[in-house]
Amino acid sequence: NKGQEAISVGVCAALKPTDYMVTHHRTIAHEIAKGADLYPLLAEILGKATGVNGGLAGEMHIHNPAIRHAFSFQIVGVCVPVSVGLSYALKYYKKTNDIVAVFFGDACTSNGQFHEALNIAAIKKVPLLLVCENNGLAGNIRKEYYLPTKTVAERMVAYGIESEICNGNDVRFVCERAKDIIESYVRKFKKPYLMDLKTFRLCWHKQGQKDVRSKEEIEELSKFDPIPLEERQLGLSAEERKEIWLKIGGMVDTVLERVKKDPWPIVEEREGLNTSMIEGF
């Protein structure tokens with residue numbers, strides 16, 4: 001989501017290449033931040049056979065073994081119990097020193113599966129970094145209708161899981177704090193930890209659904225947009241910013257032109273897809 005980029009970039013920059021991630025369905029930013037090749041990623045989103053999952057996963061169900069993106073899920077909250085199972089397997093079955101980072105929104109913490117997952121994570125002491133992208137919204141519903149506590153971090157007390165509230169809009173802070181938490185706690189003690197990262201969605205929840213917030217409210221929140229913040233911290237001039245954006249746009253346009261020429265998938269040739277989705281773990 002626009003306005004939340006610092007979380008995916010900062011946390012993924014703190015992960016090692018061998019660490020895994022599990023995500024919700026808005027996962028393009030996480031894919032890119034974890035190092036995904038742009039060509040097969042865009043091909044997948046556009047449903048082409050050259051996509052990372054043969055064009056059959058789309059945006060919401062991507063699995064990318066090359067960057068250890070284990071799973072993404074459309075159903076809200078499913079990513080959390082799956083990430084607990086994956087981190088359990090790393091600790092007790094594979095016995096590696098890798099961890100799992102799972103990305104989810106604050107609204108998902110009111111789902112039953114979230115509570116069941118954290119109960120197991122706490123009891124089994126799994127190496128899991130819980131990354132809450134806390135924008136205070138569930139679609140167009142404000143948090144007072146789904147969150148009985150002031151913060152998501154407060155909920156962790158019931159499970160005995162360590163947590164903290166962080167500024168989720170400063171990519172440098174997110175990266176350094178995530179790196180410290182991962183290395184000094186999650187990886188060291190192989191135990192779960194939650195980062196309650198405060199952020200703001202600066203766009204509609206989805207196309208065709210007007211935002212519950214006023215134009216004035218969104219304009220005020222735009223002052224905390226992480227991309228302009230990073231541009232200021234880098235001391236970029238207007239010309240330098242323009243050059244960077246043009247370069248990025250050119251890269252995307254070049255890949256899109258290539259993807260447009262690619263074939264559509266033939267489903268009949270993809271028998272055994274379900275088993276192939278877990279290969280590489």
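Residues are numbered from 1 along each chain as its sequence is written, and side-chain values use heavy atoms, with hydrogens and water left out. As the model is predicted, local features need pLDDT of at least 70 and side-chain atom pairs count only at pLDDT 80 or more, while totals for chains, interfaces and linings use all residues.

Me: Hi! At roughly what angle do the axes of helix α1 and helix α6 cross?

Reply: Happy to start there. Helices (H or I, at least four residues) and strands (E, at least two) are DSSP runs, numbered from the N terminus, and here α1 covers residues 5-14 and α6 residues 171-189. Axes are lines fitted to C-alpha atoms, for helices over the stretch in contact, and angles run from 0 to 180 degrees between N-to-C directions. The two axes come within 8 Å, and their crossing angle is roughly 40°.

Me: Is α1 roughly parallel or oblique to α6?

Reply: Angles under 35 degrees count as roughly parallel, over 145 as roughly antiparallel, 65 to 115 as roughly perpendicular and the rest as oblique. The axes of α1 and α6 cross at roughly 40°. That makes the arrangement of α1 to α6 oblique.

Me: How many nonpolar residues are in the contact of α1 with α6?

Reply: Contact means heavy atoms within 4.5 Å, and the α1 side includes Ile-7 and Val-11, with Val-174 and Ile-182 among the α6 residues they meet. Ala, Val, Leu, Ile, Met, Phe, Trp, Tyr, Cys and Pro count as nonpolar, Asp, Glu, Lys and Arg as charged, and the others, Gly among them, as polar. By class, the contact of α1 with α6 has 1 charged residue, 1 polar residue and a nonpolar count of 11.

Me: How many of the 10 residues of α1 are buried?

Reply: Buried means under 20% relative accessible area, exposed over 50%, partly exposed in between (1.4 Å probe, protein chains only). Ser-8 and Cys-12 are among the buried residues of α1. The helix is largely enclosed by the rest of the structure, because the buried count in α1 is 7.

Me: Is the crossing of α4 and α5 left-handed or right-handed?

Reply: Helix α4 (residues 79-94) and helix α5 (residues 112-124) have axes that come within 8 Å and cross at roughly 15°, and therefore they are roughly parallel to each other. A crossing is left-handed if the near helix is turned anticlockwise from the far one by less than a right angle, and right-handed if clockwise. For α4 and α5, the crossing is left-handed.

Me: Which residue just after α4 takes a positive phi?

Reply: Buried residues of α4 include Val-84 and Leu-90, and what covers the buried residues includes β1, β2, β3, α5 and β4. Just after this helix, a positive phi of about 55° is taken by Lys-95.

Me: In which loop does Arg-68 lie?

Reply: Arg-68 has a phi near 60°, a positive value in a residue other than glycine. Its relative accessible area is 25%, so Arg-68 is partly exposed. The location of Arg-68 is the loop between α3 (38-45) and β2.

Me: Which backbone oxygen lies 2.4 Å from a polar atom of the side chain of Asn-140?

Reply: Asn-140 is found in the loop between β5 (137-138) and β6, and its relative accessible area of 18% makes it buried. A polar contact is a pair of N or O atoms within 3.5 Å; within protein, one must be able to donate a hydrogen and the other to accept it, and residues adjacent in sequence count only if both atoms are side-chain atoms. The side chain of Asn-140 reaches the backbone nitrogen of Val-212 at 3.3 Å. The backbone oxygen at 2.4 Å belongs to Lys-210.

Me: How far apart in space are Lys-143 and Ala-107?

Reply: Lys-143 sits in the loop between β6 (141-142) and β7 (162-167) and is partly exposed, with a relative accessible area of 32%. Leaving aside neighbours within four places in sequence, Lys-143 is in contact with Gly-136 and Lys-150. Lys-143 and Ala-107 are 36 residues apart in sequence, and their C-alpha to C-alpha distance is 7.5 Å.
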